[in-house]
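Please look at the sequence and the structure below. A short report on some of the features follows.

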Amino acid sequence: MALRVAGSVRAAACSLRAVSVPSAPCPIRPWRLRAGAVRSLRTGPTLLAVRKFTEKHEWITTENGTGTVGISNFAQEALGDVVYCSLPEVGTKLKKHDEFGALESVKAASELYSPLSGEVTEINEALAENPGLVNKSCYEDGWLIKMTVSDPAELDELMSEEAYEKYVKAMEE
């Protein structure tokens, strides 16, 4: 029993690196890197994809030069139930702030504006049969278009998620 307690104390001290136990050095752990080992860091798409917003409530995430565009939760709530999506053809060249389509709901219609300059590479075909995806999942399944980003510096002109939230709160006051 005393050996088990001593082993637990030593293990706790080694793992926390709080105290060194001179008589018993910390055991070598197989998952620790050894001399000459190479460390690598991998990141998933969610870590790389930072969502940026426009003042007209479109969002964009970019990964490897391709942007995915949609509308914000605030915009889809203001629109109400989306019943129709008009989207551009693949290959359409857009400049920042160009109108590229429209969303129609039971309450209103709203134009869509490109957050960045680039070329449309894909449209969300699922919206043709189920435009309500914009309401159900505006940041995931309800994306609108994918586009190549021709001027990545334009991203710096868009709002971060925190800045956009402040922008929306100021509008509501």
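In this predicted model, Met-171 is in contact (heavy atoms within 4.5 Å) with His-57 and Phe-74, leaving aside neighbours within four places in sequence. Met-171 belongs to helix H6, residues 161-172; helices (H or I, at least four residues) and strands (E, at least two) are DSSP runs, numbered from the N terminus. The relative accessible area of Met-171 is 41%, so Met-171 counts as partly exposed, a class that lies between buried (under 20%) and exposed (over 50%), with a 1.4 Å probe and protein chains only.

Val-83 is also partly exposed, at 47% relative accessible area. This residue sits in strand S4, residues 82-86. Together with Tyr-84 and Val-106, Val-83 makes a nonpolar surface patch of about 310 Å². Accessible areas come from the Shrake-Rupley method with a 1.4 Å probe, and for residues only the protein chains shown count as cover.

The model also has an open sheet of 6 strands, with antiparallel pairing and the order S1-S2-S3-S9-S8-S5. Its edge strands, S1 (52-53) and S5 (93-94), each pair on one side only. Two strands pair if DSSP finds at least two bridges between them. Some of the pairings are listed here.

| Antiparallel strands | Bridges |
|---|---|
| S2 (residues 58-63) and S3 (residues 66-71) | 6 bridges |
| S5 and S8 (residues 118-123) | 2 bridges |
| S8 and S9 (residues 145-149) | 5 bridges |

Thr-61 stands opposite Thr-68 in S3, Leu-94 stands opposite Gly-118 in S8, and Val-120 stands opposite Met-147 in S9.

The predictor's confidence in each residue is given as pLDDT, from 0 to 100. Its mean over the protein chain is 82, and 72% of the residues reach 70 or more. Residues 26-34 have pLDDT below 50, and this stretch has 9 contacts in the model beyond near neighbours in sequence. Over residues 36-48 pLDDT stays under 50, with 4 contacts beyond four places in sequence. Where pLDDT is low, the predicted coordinates should not be read in detail.

Residues are numbered from 1 along each chain as its sequence is written, and side-chain values use heavy atoms, with hydrogens and water left out. Local features need pLDDT of at least 70 and side-chain atom pairs count only at pLDDT 80 or more, while totals for chains, interfaces and linings use all residues.

Conventions
Patch = residues over 30% accessible without salt bridge, like charges linked within 9 Å, V, L, I, M, F, W, Y side chains within 5 Å. Salt bridge = Lys/Arg side-chain N within 4 Å of Asp/Glu carboxyl O.
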